[in-house]
Amino acid sequence: MRVMNLGGRLHVSVGAGAVDVAAASNGLFAADPQAVYDRWDEFANWYQENRVALEGEAVVPVDPSSLGSPAPTPRQVFAVGLNYSEHASESGFTPPVQPVIFTKFVSSISGPVTTVPLPAGSVDWEVELVVVIGRGGRNIPVENAWSHVAGLSVGQDLSERQRQHSGPAPQFSLAKSHHGFSPIGPELVSVDEIPDPDNLEIGATINGETVQRGSTSQLIFPVPVLLAQLSEIVELYPGDVIFTGTPSGVGAGRKPPRYLTPGDVLCSYVQGIGELQQTFVAAHDGAGQPAMAAGQAV
């Protein structure tokens, strides 16, 4: 099953386009894309029972620029730092022995094709596999963790490095939550549609140049471990979002460092799930001058 947020309404993908779920279910499920996660098991069963019939429903063509995040307003957003060994090394750290967790604020979430204003500082890229929770809970066993996942999507953990590492204490969450800094999409793909969800190619290009390429098999803490360890401390809710970490190749890890500039087009992908595209435009500091500076990665 492939779920999308098309024009702010929940749709499922069919061969020729997309079907509006609220219309196809005669109102059984709401149009709000976020609401479906509270009834995920019921929704998944409905989809399987009606999969063939949905091919005959009215199909809407999909314009990627009209897509929003498949999980636009989660109750909780978790992000994982340094979850690939080579990325930890390029950032100047040893690989962690337990997950490094921070959050990205919900207001930074956007759809897969966006224009992003560059704030003052040094804006970096981090392509990530995104997990959306379908069945919440506490103390989720590792061996059952995949059954708690509604599906997978592509995300970018855009990061303004100067603010991230400034001041007496780091400002990870603020630095990673500027407008448009958490694009997710283009679809949410259910785990049963993915032959090996623990081994997916992941990468990014800038203006056609490959800057990141890796595999989710390289995650230090794979998805089941992340769910198990997070749920030991917090309760996971249906619709929660987890950014699982980025492979090596970020701008702050380069010599010299490289950051996004106006006019850059960043494409991010995960094998079998889809692609994001962010175009960056100039933004200015209070004096009306462009501001760019160096920073450290996570």
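Helices, labelled H or I and at least four residues long, and strands, labelled E and at least two residues long, are DSSP runs numbered from the N terminus. With those labels in mind, the tour goes through a model that is predicted.

Begin by selecting residues 182-189, which make up strand E13, and colour them so that they stand out; 8 of the 8 residues in this strand are buried, so that E13 is mostly covered.

Select residues 2-6, strand E1, which runs antiparallel to E13 and is joined to it by 2 bridges; here Arg 2 can be found opposite Val 189 of E13. Then select residues 109-110, strand E7, which is also joined to E13 by 2 bridges but runs parallel to it, with Ser 110 standing opposite Pro 183 of E13. Finally, select residues 149-156, strand E11, which pairs with E13 over 3 bridges in the antiparallel sense, and look for Val 154, whose place is opposite Gly 185 of E13.

To display its lining, select Phe 78, Gln 98, Pro 99, Ile 101, Leu 226, Gln 229, Leu 230, Glu 232, Ile 233 and Val 234. Colouring this selection by residue class will show 7 nonpolar residues, 2 polar ones and 1 charged one in the lining of the largest pocket.

As a last stop, select residues 223-231, helix H6, which gives the largest share of the lining of the largest pocket, namely 3 residues.

Notes
Residues are numbered from 1 along each chain as its sequence is written. This is a predicted model: local features need pLDDT of at least 70, side-chain atom pairs count only at pLDDT 80 or more; totals for chains, interfaces and linings use all residues. Side-chain values use heavy atoms; hydrogens and water are left out. Buried means under 20% relative accessible area, exposed over 50%, partly exposed in between (1.4 Å probe, protein chains only). Two strands pair if DSSP finds at least two bridges between them. On a 1 Å grid over the protein atoms alone, a cavity is a set of points where a 1.4 Å probe fits but cannot get out, and a pocket is an open set with protein on both sides within 12 Å along at least five of seven lines; lining residues have an atom within 4 Å of a point. Ala, Val, Leu, Ile, Met, Phe, Trp, Tyr, Cys and Pro count as nonpolar, Asp, Glu, Lys and Arg as charged, and the others, Gly among them, as polar.
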